[in-house]
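I opened my notebook to look up a few things in this model. Please show me the sequence and the structure.

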Amino acid sequence: MQNFTFQNGTKIIFGKDQEQLVGQEAVHYGEKLLLHYGGGSIKESGLYDIVVQSLHEQGVEIIELGGVKPNPRVSLVREGVTLCKEHNIDFILAVGGGSVIDSAKAIAAGANYDGDIWDFFTGKSSVTDCLPIGVVLTIPAAGSESSAGSVVTNEEGDYKRAVGHDTMRPKFAILNPVLTYTLPSYQTACGITDMISHILERYFTNEKNVELTDRLCEATLKTIINNAHTVIEDPTNYAARAEIMWAGTLAHNDLLNTGRIGDWGSHDIEHEISGIYDIAHGAGLAIIFPAWMKYVYKHDVNRFVQFANRVWDVEIDLNDVEKTALAGIKKTEQFFSSIGMPITLKEANIGEEHFGEMAKKGTERGSLGNFIKLHEADVFEIYQLAK
């Protein structure tokens, strides 16, 4: 087990009607707030009115910036940075899912920076300080509500890149499973795939003697799997929605990777796909993760056997452990398909024309992953396996 320091400073406020407390939480961080959100769904649902009323009751002044799209754009982030500087914003409130939260984090980082926000995503500069951020979560998926990272897309060159710093971790996150009742089934499935992928990135490690976090990963995976079809078939099942929502947070709040080194190659490989094709991140991961598994499983067959047995209840064939490992990969693929996710690039109407470009762009700053190091040729082969 690796040495580690674990400190997650996000206050989680979970349960029915908790969004009504947003004003009481936000006012601790200042009197002028940037309210950041996506399209019109929070207004149609009535959530916008609840949030605004709660903020006004606490005397908080609101500056608004809507329009966040999936795979959030750096152009809107730049608008948000300008607003923060012009209005001397104290605090940013993100109302939405991972894209809104990631956009808010980038704005928060840029508000105290004299250069261009994209400098952080290219490594030209480092985040040192952020405006405080709060969250009202509407889509359980990315886990951004208590993580320290942000992923943003630059329309110039179709680059999708990540940056992280502990000051980007939200101060509080309000999670009401009821707010997820109206999510379309496809969006729910994309979220489920995203949170599963966050756990798998941590699970496939070269670190030995990490039994506790192995078991935590496996338990969280099984909880998601056990409730996935329920939330898709019965969207207003509060118990199942609550399990999924909390699992999504635990999948990415850094607890599950304590003492271990995760991989993250699949996320980087997928970022190239959604950067160019604007596919939903979860859908891209459903395609790439099984392909990555097929490419790397021989590196540590026993870990894949453990995964197949403990997560998918595949009986271990002691005479052919490779068969067991492959059965676990197949079960993963079948599960993604069963919840409506594409499992090949062809299903997502993505051809081979950009494989070389994506493999080159994805590795231009060095190899990807930690389970095994992936170079340009490796990434190209994973795209081939995914087609």
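Which residue in strand 8 does Phe14 stand opposite? I found Leu175 there.

**Ground rules.** I am working with a predicted model, where local features need pLDDT of at least 70, side-chain atom pairs count only at pLDDT 80 or more, and totals for chains, interfaces and linings use all residues. Residues are numbered from 1 along each chain as its sequence is written, and side-chain values use heavy atoms, with hydrogens and water left out.

I traced six strands in the order 1-8-5-4-2-3, paired in parallel. I took strands (E, at least two residues) and helices (H or I, at least four) as DSSP runs, numbered from the N terminus. Two strands pair if DSSP finds at least two bridges between them. Strand 1 (11-14) and strand 3 (61-65) are the edges, each pairing on one side only. Strand 1 runs parallel to strand 8 (residues 172-175), and four bridges join them. On average, neighbouring strands are turned by 20° against each other, direction ignored. For angles I used lines fitted to C-alpha atoms, for helices over the stretch in contact, and values run from 0 to 180 degrees between N-to-C directions.

**Helices on the sheet.** Helix 4 (residues 74-87) lies across strand 2 (32-37), strand 3 and strand 4 (91-96). Helix 4 runs at about 155° to strand 3. Helix 5 (residues 98-110) lies across strands 2, 3, 4 and 5 (133-137), at about 165° to strand 4.

**The hairpin.** Strand 6 (residues 149-154) and strand 7 (residues 159-164) pair in the antiparallel sense over six bridges. Gly149 stands opposite Gly164. Four residues sit between the strands, and Gly157 takes a positive phi near 95° in this hairpin.

**Two crossing helices.** I looked up helix 11 (residues 281-296) and helix 15 (residues 376-386): their axes come within 8 Å and cross at roughly 115°. Contact means heavy atoms within 4.5 Å. Among the residues that meet are Ile287 and Trp292 in helix 11, and Ile382 and Tyr383 in helix 15. The contact residues divide into nine nonpolar, no polar and three charged.

**Thr258.** Is Thr258 buried or exposed? Thr258 counts as buried because its relative accessibility is 12%; buried means under 20%, exposed over 50%, partly exposed in between (1.4 Å probe, protein chains only). I placed Thr258 in the loop between helix 9 (238-250) and helix 10 (265-277). Its side chain reaches the backbone oxygen of Leu255 at 2.8 Å. Not counting residues up to four places away in sequence, Thr258 touches Phe4, Phe6 and Thr213.

Definitions and conventions: Ala, Val, Leu, Ile, Met, Phe, Trp, Tyr, Cys and Pro count as nonpolar, Asp, Glu, Lys and Arg as charged, and the others, Gly among them, as polar. A polar contact is a pair of N or O atoms within 3.5 Å; within protein, one must be able to donate a hydrogen and the other to accept it, and residues adjacent in sequence count only if both atoms are side-chain atoms.
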